[in-house]
Amino acid sequence: MTFKEAIQQGIPAILPAPKPYESEINHAPKRKEILTEEEKKLALKNALRYFEPQHHATLLPEFKEELEKYGRIYMYRFRPDYKMYARDINEYPGNSLQAKAIMMMIQNNLDYAVAQHPHELITYGGNGAVFSNWAQYLLTMKYLSEMTDEQTLTMYSGHPMGLFPSHKNAPRVVVTNGMMIPNYSKPDDWEKFNALGVTQYGQMTAGSYMYIGPQGIVHGTTITVLNGFRKIGKEPKGNLFVTSGLGGMSGAQPKAGTIAGCITVCAEVNPKITKIRHEQGWIHEVIQDLDELVTRVKKAQENKEVVSIAYLGNIVDVWEKFDTESIHIDLGSDQTSLHNPWAGGYYPAGISFEDANEMMANQPELFKEKVQETLRLHAEAINKHTAKGTYFFDYGNAFLLEASRAGADVMNPNPTLGREFKYPSYVQDIMGPMCFDYGFGPFRWVCASNNPEDLQKTDNIACQVLEEMIKTSPEEIQQQMKDNIQWIRGAQENKLVVGSQARILYADAEGRTNIAKAFNDAIKSGKIGPVVLGRDHHDVSGTDSPYRETSNIYDGSRFTADMAIQNVIGDSFRGATWVSIHNGGGVGWGEVINGGFGMLLDGTPEAEQRLKSMLFWDVNNGISRRSWARNEGAIFAIQRAMEAEPLLKVTLPNIVSDDLLM
Ligand SMILES: NC(=O)c1ccc[n+]([C@@H]2O[C@H](COP(=O)([O-])OP(=O)(O)OC[C@H]3O[C@@H](n4cnc5c(N)ncnc54)[C@H](O)[C@@H]3O)[C@@H](O)[C@H]2O)c1
């Protein structure tokens, strides 16, 4: 059977042979056993409804075993035999180029080189699912291969509900993930309803088919480190950034520190992970001895080196040792997995990695105590450094939240709404005011030919567009423009492409539109193949998340989710090829609502019309909300947008004098 035939077949009429469990693959951990015996029957009944009744007796014991063993029914038997990767768009079967683009993006999210747990259909973040089981995948691909540009596929948390008649300017796919009645949005609700097979955690770009591997994280982290140094008025060169974690997201920190040009010390307790990052070249040196680390860092500071050093051990020891040895830390943060503190996200100090793992499994209460004790020590050591001038920021990993719950000294003595903690989050001080408020966010594109030459051409086009724009850019955004030009010039050199031929580039509404228009022109004239546009949900308008993306909103509205919902609705009727809206992503189920889009550029005048209409809205929606919250940069940016587009009329805030309120 050819690849096209396999896609068109959907769920096979004749059962494929059961597949052995491949132990060399990185599998998802066993999920919490949460269903009652009756609920387990319901989960099985739900799973079997994808299959003809004559197969039920065969599949039932198999699915039952999966549920017992892994806590979920993945339907491993139905994993396709063809290789999973983003192919040239022309290799997909179908009647709609837009649908083919979506198939390509789905396959990229499940590529073994890209996905964290490919057999469990998890792209990243431990539970970021594209689908909940393989039947959903097979059925979705079949629908996409059949649909025309007069239909829309509705995706209910991984389940393809079906094709509905629509029209050619409608999205081809509408995705919702994890949308719950608010009172049923606690972590255990996810465990239960996911095990029943009726919802899933889409993270951000996992369930919306827009993940592009580590490149996105490296770029975002580079921007944060660069702007962190600007915030304190220092050059990165010769100055020190101390942080921890070399995992999925956190592993980008030393690479980003090197691109930014500073000295990075990143602690990691797990030797395996440290080895991987070293071999990958994302860290230059590994040191296990604290005295050796001190000597090495002093030398790097003296010689103004650009170097990244992994300390194989606990981060708390680094903060404490650097205090007693009077090593000045310029920038400090932390990216241990504190959204998950009791199950391996954060390791206690004074205990070996192996002993800690054992304690976690056998003495969970003692482990919890040790974690909280370490968090108090961690905060105490950071406080000593910040008293000497270190700038510390929370990196969206719930460090301050968990430290506060452990009774650590991290609370602001004079809290105001949004400034409860002693230290800011990276969005409050860096990403929000310097990027999001001006509309700069993680725009991205994928060359649908999957030809690296196309990517190079698009890099050049984007660079030319920005170089032209910077000549007339206002002073307020000159720095952002320069950073983006520097990134895109060096993008090929950084060799961060994994999976599809994709590029991330922070840009504002005008930059995104101009770049997209230039791509569409190049497609029209045959210089490059079709291009898919998208973005991370972690952006100006896509995400309402009170402790992260919208943490620099201080009018009380950061606990609302109107912006993200408005955004996805607005994108859907302004020309997006697909849209998505998710509960959860990064900070947890029930803690964030986030959405995104994908748009195929095919060189047609319709594509030009769509990109202009949708990208303008997709960025300016969030700027208008940030401006209404009285954020200065956003007030500037939305006024500029109104000057450029007479049809835009946004309500501006009047600023009350603080003296009057005294
Ligand atoms: N800033 C952002 O843009 C952003 C985005 C997404 C997620 N996050 C958050 O960042 C955190 C990290 O994400 P990740 O994907 O890298 O997680 P991860 O679990 O893959 O990596 C965290 C690493 O920290 C190590 N670690 C734990 N405790 C330690 C200690 N005391 N000392 C030294 N090392 C220790 C672990 O061994 C692990 O390798 C998560 O909480 C995540 O939600 C941040």
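I take helices as DSSP runs of H or I, at least four residues long, numbered from the N terminus. Axes are lines fitted to C-alpha atoms over the stretch in contact, and angles run from 0 to 180 degrees between N-to-C directions.

The model is predicted, so I note the cut-offs: local features need pLDDT of at least 70, side-chain atom pairs count only at pLDDT 80 or more, and totals for chains, interfaces and linings use all residues. Residues are numbered from 1 along each chain as its sequence is written, and side-chain values use heavy atoms, without hydrogens or water.

**Entry 1: α4 and α5.** I looked up helix α4 (residues 97-110) against helix α5 (residues 134-146). They pack at about 155°, axes 9 Å apart. That makes the pair roughly antiparallel (angle over 145 degrees). On the α4 side, I find Ile102, Ile106 and Leu110 among the contact residues (heavy atoms within 4.5 Å). Tyr137, Met141 and Leu144 are among those of α5.

**Entry 2: Ile106.** I left aside neighbours within four places in sequence. Ile106 then contacts Val130, Phe131, Tyr137, Thr140, Met141, Leu144 and Tyr209.

**Entry 3: α20 and α21.** I checked helix α20 (residues 562-573) with helix α21 (residues 605-628). Their axes come within 9 Å and cross at roughly 165°. They are therefore roughly antiparallel too. Met563, Gln566 and Asp571 are among the α20 contact residues. From α21, I list Trp617, Asp618 and Arg625 among others.

Terms used
Helices (H or I, at least four residues) and strands (E, at least two) are DSSP runs, numbered from the N terminus. Angles under 35 degrees count as roughly parallel, over 145 as roughly antiparallel, 65 to 115 as roughly perpendicular and the rest as oblique.
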